[in-house]
Amino acid sequence: MSGLSGHCHCGQCKYQVEHEGVFHFCCSCESCTRLSAGGRLLGISVPDETFKAEGPLKVYSYPGGSGEHIELSFCGNCSSQLFARPLQHSGFVILRAGTLEKGHDFKPRKFIFSEEGYPWDLHAF
Ligand SMILES: [Zn+2]
Ligand SMILES: [Zn+2]
């Protein structure tokens, strides 16, 4: 299977990209922890060029760690986060690993902002 694809919980929003992911990572920064409503965010960066998404997406924009805004896209119906565009890394989209279709692999190689994470989550590192 080449490329990555995924969908939200209700199935109305879908995405696909012709890339396996540049960077697979876990982020435990304050924003990612809160927004994911879990201990950390599981992300995969892919180039924006072949990325396509459809469905009733909504965008929430917030300042990232460097002060540049991050535009987070989520399903307006079921609220699942699907992907985000960090404006300081234009040309890249960060997919949420939990929305991938089954069969795609997620291999986190980097753990970032681990020191900001919850102690109960860090035990899993
Ligand atoms: Zn949905
Ligand atoms: Zn983060």
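Colleague: What spacing do the donors of the zinc ion (ligand 1) follow along the chain?

Modeller: In this predicted model, the donors of the zinc ion (ligand 1) are spaced C-x1-C-x64-C-x2-C along the chain. The coordinating atoms are the SG atoms of C8, C10, C75 and C78, at 2.3 Å, and a donor has to lie within 2.8 Å of the metal.

Colleague: What makes the pair C8 and C75 tie together parts that are apart in sequence?

Modeller: C8 sits in the loop between β1 (4-7) and β2 (14-17), whereas C75 belongs to strand β7 (residues 69-75), so the pair links parts that are 67 residues apart in sequence. Both C8 and C75 are buried.

Colleague: Why is the site of the zinc ion (ligand 1) called tetrahedral?

Modeller: Four donors count as tetrahedral if all angles lie between 85 and 135 degrees. The angles among the four donor atoms here are 106 to 115 degrees, and the site of the zinc ion (ligand 1) is therefore tetrahedral.

Colleague: Which residues coordinate the zinc ion (ligand 2)?

Modeller: The zinc ion (ligand 2) is coordinated through the SG atoms of C27, C29 and C32, at 2.2 to 2.3 Å, and the spacing of these donor residues in sequence is C-x1-C-x2-C. Water is not among the atoms, so a site may look incomplete.

Colleague: What is the bridge partner of C27 in β10?

Modeller: The partner of C27 in β10 is I112. Strand β3 (residues 23-27) pairs with β10 in the parallel sense, over three bridges.

Colleague: In what order do the seven strands of the open sheet run, and why is one side of β6 and of β10 left without a neighbour?

Modeller: The order is β6-β7-β8-β9-β4-β3-β10, with mixed pairing. Because β6 (57-63) and β10 (110-112) stand at the edges and each has a single partner strand, one side of each has no neighbour in the sheet. From one strand to the next, the twist averages 30 degrees.

Colleague: How many aromatic pairs does the structure hold, and why is the pair of F23 and F25 called stacked?

Modeller: The structure holds five aromatic pairs. In the case of F23 and F25, the ring centres are 5.4 Å apart and the planes stand at 25 degrees, so the pair is stacked, given that centres have to lie within 6.5 Å and planes under 30 degrees apart count as stacked. Y60 and Y62 also form a stacked pair, with 5.8 Å from centre to centre and 20 degrees between the planes. A further group, made up of Y15, F51 and F83, forms one aromatic cluster.

Colleague: What makes S45 buried, and which residues is S45 in contact with?

Modeller: S45, in strand β4 (residues 41-47), has a relative accessible area of 7% and is therefore buried, since the cut-off is under 20%. Leaving aside neighbours within four places in sequence, S45 is in contact with G21, V22, F23, F25, V93 and I94.

Notes
Residues numbered from 1 in each chain as written. Chains lettered and ligands numbered in written order. Predicted model: local features only at pLDDT ≥ 70, side-chain atom pairs only at ≥ 80, totals over all residues. Heavy atoms only, no water. Phe/Tyr/Trp six-rings, centres within 6.5 Å; stacked < 30°, edge-to-face > 60°. Donors = N, O, S within 2.8 Å, 3.2 Å for Na, K, Ca; no water. Tetrahedral: all angles 85-135°; square planar, octahedral: opposite > 155°, others 65-115°. Helix = DSSP H or I, 4+ residues; strand = E, 2+ residues; numbered from the N terminus. Buried < 20%, exposed > 50% of the residue type's maximum accessible area, 1.4 Å probe, protein only. Pairing = 2+ DSSP bridges. Axes fitted to C-alpha atoms, helices over the stretch in contact; angles between N-to-C directions. Contact = heavy atoms within 4.5 Å.
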